[in-house]
Each structure stands twice: as C-alpha cells, then as structure tokens.
Amino acid sequence: MAPACILRLRAWLFMVFLCLTANTGVLRFAAATIQGYIEDIDMTCPSVCRCDEDFIYCNDRGLSSIPSLPPTASVLYLQNNHINNPGLPISLERHLSVRVVYLYDNELDEFPMHLPPSVRELHLQDNNIRTISRTTLARMPLLEKLHLDDNSISTVSIEDQAFADNPRLRLLFLSRNHLSSIPSGLPNSLEELRLDDNRISTIPTHAFRGLSSLRCLVLDGNLLANQRIADDTFSRLSNLTELSLVRNSLQTPPVNLPSAHLQRLSLQDNALTHMPRGSLDGMHRLQRLDLSGNNLTTLPRGLFKDLENLGQLLVRGNPWHCGCNLRWLYDWLHARGNSITVRGLTCHGPDRVRDMALIDLSSEMEECEVVKITATKDKVTVGGAESSTTNTPPQGSLFTLRSKRPGLGLPDSGLDYTLSSSGVGKSLALNVKPLSHNSVRVTWSVAQPSSSFRLSWLRLGTGNAMGSITETLVRGDRREYLLTSLQPRSSYIICMVPLAATSENKVTISGDTDSDEALVCAKAETSDLSPQEEDDEKSQQITALPLAGIIGGATATMSLALIFGVFCWYAHRTGHLCSRDHYTRNSSRKSKNYDDYIESGTKKDNTILEIRGPGFQMTPMPACQPMQPKPLREDYIIHTIFPSNGTGGYKGSNHVSNAGHVTNRGYREGGIPDIDYCYT
C-alpha cells in the first residue's frame with residue numbers, strides 16, 4: 001500500500017506542476033497582449049494629427065471632436081477647428097500630463113467642462129462663450145493663464161467669486177467682450193489684466209481692491225471719462241508698472257496715478273487738453289510716456305521734473321504751439337541729449353515755425369525770456385484800475401506776446417508827474433519820437449551792458465479805457481527800435497526795462513531788484529493823416545475796386561461754365577440731351593419709321609421686352625418665325641432686358657438707322673435667335 005500511495009502522490013504533484021506552468025504562460029501571454037495593445041493604440045499619434053514628442057498638433061484639421069491622445073501629451077494644439085462642447089470627451093480629464101491647451105477659434109458656446117485638472121495655460125479666444133461659472137473653473141486649480149478674448153462674456157454672466165478657486169491665476173485676458181464694468185472677485189494673485197475694447201464707462205473705488213500684485217492693466221477702447229473714475233481708483237495698485245488708457249474720453253490724466261513703480265504710461269487718442277502740473281510727480285521709474293493723438297498745445301513747466309529715467313516721449317498728433325511757453329521743454333530736451341527719444345514734437349504754430357521740430361528752434365528760443373514760475377500773484381495797476389494776474393508761461397507768438405492782463409507794471413495815470421517823450425532811470429535813458437501817423441522811433445542808452453531789453457507799449461483810450469499791452473524782447477546790442485502799424489491820432493505809453501542773465505542762465509531785471517525802479521517809460525502821440533496820405537489811401541481803394549470786380553466777374557463766369565458743363569455731361573450720360581439714339585422734341589409722329597415694329601398702340605421703347613404668356617409669344621411679323629403654340633404656363637414673366645453697354649438697344653459700329661432708332665440686327669449677328677428677342 002505504501003508504494004502505491006507514493007506513486008499516486010507523485011502523479012498529483014506532477015499534475016499540479018503542469019497546471020502552474022500552463023497558468024504562468026497564459027498570464028505572460030495576456031500581459032504581452034495588453035502591453036502590445038497599449039503601445040499600438042495609446043502610444044501612437046492620432047492619424048489626423050502630427051506629434052513631436054509630447055507636442056500634439058491637431059490644429060487646422062476641420063475636427064469636430066478631440067481624437068484619442070497619447071498619455072504623454074503635454075501641449076495640445078487644437079485651434080482653428082470646428083470643435084464644440086460635445087466634442088470634448090470625458091476621457092480627456094484623465095490626461096494628467098497636459099499643461100497647455102489651445103482651443104481658440106472653434107465653436108464653443110460654453111466654458112469647456114472636461115479639461116484635465118493639470119492645465120496651467122488655456123486659450124479660448126475667438127469662440128462664443130457667454131458665461132463663466134465657479135464650478136467650471138474649480139476643475140482647474142493649477143490654472144495660471146486664461147485667455148478669453150473675442151467672446152460674448154458680459155459682466156452679469158460672470159458668476160460671483162468665479163475665480164475664488166484659482167489661487168494661482170496670474171494672467172486674465174477679457175478683451176473685446178461685452179463688459180460694462182470691472183469684474184468683481186478677481187484673484188489677488190493676478191499680475192496682468194486686459195479689459196480693452198469693452199463698454200466699461202465707470203470705475204468705482206473698490207474695483208481693484210486687493211489686487212496688490214497687479215503689474216499690467218490695459219483699459220484701451222472703453223468709455224472712460226474723468227468724471228466717472230473715482231479719485232483713489234488707481235492709487236491702490238501700488239506695484240503697477242504699466243497702465244494703458246488709450247482710446248477713451250479723458251480730458252486730463254486720472255488723479256492719484258500710482259507713481260512708485262510705473263514704467264509705461266499710455267494716454268494716446270483721448271481728448272487731453274492740458275496736463276496739470278504735478279500729474280506726473282514721483283514717477284522716477286517712468287521709461288515710456290505716450291501722449292499722441294490729443295489736443296495738447298503746451299505743457300506746464302516742471303511737468304517732467306521727476307522723469308529722470310524717461311527714455312521715450314511720444315507726442316505726435318497734437319497742435320503744439322512752440323512759443324516761449326515751451327522754452328523750458330526745449331532746454332530740458334537739450335539737457336537730456338541722446339538719452340531720450342522724442343517722436344512727434346512738431347510745431348503747429350506760430351505760422352513761421354509750422355512743421356518744424358521744437359528741438360531745432362535754437363535761434364527762436366534764444367529770444368524768449370526764461371521766467372521763473374511762482375505761485376504768487378502780482379498786483380498790476382493799469383490806468384488807475386487794479387487787477388491781479390498769475391505769472392504763468394506766455395502762450396502767444398514767439399516774439400510778440402499780447403495779453404489782456406500783462407505781467408509788466410505800467411505807470412499809474414494818477415501820478416503827480418506827466419510823462420514826456422523821454423524818460424531817465426538809474427540804468428537806462430529812453431527817448432521816443434513819432435515819425436508818421438502809424439510809426440514811432442524808440443532809442444535808448446544804458447549805463448551798463450544788458451543781455452536784452454523788454455520793450456512794451458500801450459495805446460491809451462478815452463477816460464480810463466485801456467487797450468492791450470504789446471511787448472517784445474530786443475537784443476542787448478541794439479539801441480533803437482521802430483514801432484509800426486500803430487493807430488493814427490493815438491497816444492501811446494512806451495516802457496523799457498533792461499534784462500541781465502544770471503549765473504544760473506535765468507534772466508532777471510538788471511539794476512535794482514525792484515522792477516518798478518528799473519522800469520523807464522515815455523509817452524508818444526501819433527499824428528493825423530495828411531491830406532495827401534488820405535488821397536493816396538482813397539485812390540488805392542478806388543484802384544482796387546475794378547480789379548476786384550474783374551476777379552469776381554471771372555470767377556462767376558467760370559462757375560457758370562463749370563455748372564453748365566456738369567449739366568451737359570450728366571444729361572449726355574443719362575441720354576436725355578444731345579443723343580442721336582433718341583428722338584428730339586421737334587420730331588413729329590409722322591417722321592417716325594415703323595418698318596421694324598408692330599404697331600400695338602404703345603409708346604416705343606428702345607429696351608428689349610420679353611413677354612411670355614399662356615400659349616403664345618409676341619414677335620416681329622417680318623423678322624420672326626411663324627408663331628407656334630406653346631404649352632400653357634401658370635406664371636407670367638414680363639421683364640426688361642438691358643444690353644450690357646447700358647443703352648436702350650444694340651448699336652453696332654456700322655448699323656445706325658435713319659429714323660433715329662436702333663435695329664435688332666446686332667442680335668442676329670451675335671448668334672441670338674430672333675424668336676427670343678423681339679421688339680414690340
């Protein structure tokens with residue numbers, strides 16, 4: 001029994017060994033099969049796409065859905081297709097290696113749901129997305145850059161606290177949507193926000209609350225005005241380095257701009273009329289300033305005092321008035337030299353310097369007085385009436401500055417002494433002499449040399465009425481000046497004060513520090529017009545009358561001829577006048593030749609009528625074929641067929657009828673059967 005049990009046990013062990021061996025082979029075969037399937041299916045690039053390692057290029061393929069992707073894909077290019085929301089498979093969520101997805105220019109009408117949670121950069125521009133929900137964005141907690149340009153997103157369609165679950169979001173583009181205000185609940189991690197080309201008209205105080213990390217803010221092409229921007233709106237953005245407010249309706253820069261870190265400020269294409277003094281204070285890091293396309297004529301002194309790092313100044317498209325008001329800017333630009341690039345600082349006025357660059361007006365600017373701007377007000381006594389003026393940069397022409405309230409004091413008419421034709425001061429002696437009814441010669445001598453002189457003259461009126469003061473700067477080497485274009489039979493007060501240059505290249509009044517003591521005045525009266533001068537003036541006016549009449553008559557004649565020519569040209573084009581293709585008004589009905597037409601009681605028309613009716617067609621009797629009945633038709637078509645040359649009928653080069661109308665021989669010669677085109 002023992003040997004039999006041993007043999008039976010050996011047999012059982014052998015059978016177990018065989019079973020284990022067979023199972024091992026089956027498992028190996030199954031594993032190999034599964035591995036081969038994965039390699040053949042998941043590890044291969046989709047047939048409609050192109051793959052470059054982990055970059056999958058499926059763009060511009062006309063796809064309506066996303067194909068199966070290899071598990072190693074990290075960047076998906078799916079733009080310019082026809083992918084809609086159902087075209088995003090649920091299996092896409094399992095591709096955890098995907099980092100960047102390009103889905104712009106597709107047919108998405110909702111924010112995509114089944115994107116991998118590992119996505120860090122998402123491009124969804126040029127779709128038709130209308131809403132942004134917090135639930136959808138919460139599926140991508142690692143999202144850093146979100147592009148939603150050119151969609152249909154409105155302010156009310158963004159769910160409250162929609163970005164609360166995206167603590168890493170640094171860049172948000174919402175350009176060219178339908179936003180009417182700044183979206184609320186923006187993440188504190190945001191560094192760049194673009195909201196250009198929307199409908200934003202108001203920015204409240206709390207709009208950018210908590211965005212202390214924001215560095216770039218673009219609000220171009222909105223409806224912003226100064227009255228609708230809170231005073232401390234931008235002051236909260238302490239780390240802002242770039243602010244763009246292009247194409248809005250601003251009249252001045254917004255107040256309280258962040259100045260600590262701002263490097264680029266764009267204010268072009270607004271309605272800026274002036275830049276308040278101090279609006280750019282503290283911007284020590286500003287590198288680029290764009291003021292192009294506005295209505296600026298001047299800039300206040302000291303506007304750029306803190307812009308030591310400014311490298312680009314763009315000011316084209318402004319009507320700059322290059323008078324003494326911009327002398328400070330001329331000096332500032334020369335002091336900066338090649339460290340700054342200026343574009344568009346071209347003079348619009350005065351006329352003598354139009355289209356010239358401010359930097360090139362060296363000789364003109366040397367004649368301008370450099371005045372030190374102060375905030376105090378000077379009392380000016382003119383003709384017994386006291387008025388106060390502020391010493392601001394003049395904005396007149398380069399050389400002659402006119403002002404209703406000048407900053408130069410004139411003698412009081414209530415003084416005890418009477419002005420004469422000469423005046424003597426501590427450092428200057430002035431003498432005036434009328435030469436004619438409209439000119440006065442001014443001469444002077446000085447005790448010590450001066451760099452220049454300021455000459456002013458005022459025409460006295462009746463009583464206390466005063467005219468406007470005219471003043472100009474005269475070089476220091478001159479000792480006489482001729483005043484012209486004065487009024488006859490008028491009294492003028494002429495004053496002069498010497499000016500001396502200090503060591504700081506500033507111009508001050510020489511002699512005493514008190515300008516009233518250095519001022520020297522004299523009085524002159526222009527003479528009446530002599531009889532000969534009156535006759536000459538009248539003769540010039542009479543001589544000018546015939547010339548004006550000749551010029552006016554010639555102009556009227558040319559205008560009438562031009563109008564008549566235009567009328568004839570228009571009539572010829574429309575065919576109602578001077579055309580040999582139509583009947584004249586004087587032609588009678590008897591002179592018409594109706595050989596080629598059927599008299600049907602209707603007025604002749606040079607156009608071609610195609611008349612189709614039930615069972616017959618009207619055709620010319622001598623030229624057309626016998627009428628054949630046609631099947632009845634339920635529709636009636638009567639329409640006019642115009643030849644391609646725009647006239648009423650075909651007009652061949654050698655076929656013009658004597659009766660004044662055209663024939664249809666051209667259609668027969670052109671291969672068109674007469675049965676289809678017949679006159680009636």
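Reader: What does relative accessibility say about Arg441?

Author: Arg441 counts as partly exposed, at 34% relative accessibility, where buried means under 20% relative accessible area, exposed means over 50%, and partly exposed lies in between, using a 1.4 Å probe and protein chains only. This is a predicted model, in which local features need pLDDT of at least 70 and side-chain atom pairs count only at pLDDT 80 or more, whereas totals for chains, interfaces and linings use all residues. Residues are numbered from 1 along each chain as its sequence is written, and side-chain values use heavy atoms, with hydrogens and water left out.

Reader: And which residue does Arg441 form a salt bridge with?

Author: The partner of Arg441 is Glu480, and their closest N and O atoms are 2.8 Å apart; a salt bridge here is a side-chain nitrogen of Lys or Arg within 4 Å of a carboxyl oxygen of Asp or Glu. Strands (E, at least two residues) and helices (H or I, at least four) are DSSP runs, numbered from the N terminus. Glu480 is partly exposed, with a relative accessible area of 38%.

Reader: How many salt bridges does the structure hold?

Author: There are 17 salt bridges, and Glu144, Arg170 and Glu191 are linked in a network of them.

Reader: What about Arg288, is that one buried or exposed?

Author: Arg288 is buried, with a relative accessible area of 16%, and Arg288 forms a salt bridge with Asp290, with 3.8 Å between the closest N and O atoms. Asp290 counts as buried too, at 5% relative accessibility.

Reader: Switching to Lys305, which side chain does it meet in a salt bridge?

Author: Lys305 meets the side chain of Asp281, at 3.7 Å from N to O. The pair links distant parts of the chain, 24 residues apart, with Lys305 in the loop between β12 (288–290) and β13 (312–314) and Asp281 in the loop between β11 (264–266) and β12. Lys305 is exposed at 53%, whereas Asp281 is partly exposed at 32%.

Reader: Where does Phe304 lie, and is it buried or exposed?

Author: Phe304 lies in the loop between β12 and β13 and is buried, with a relative accessible area of 2%.

Reader: What is Phe304 in contact with, sequence neighbours aside?

Author: Beyond its neighbours within four places in sequence, Phe304 is in contact with Leu280, Leu289, Leu299, Leu313, Trp328, Leu329 and Trp332, contact meaning heavy atoms within 4.5 Å.
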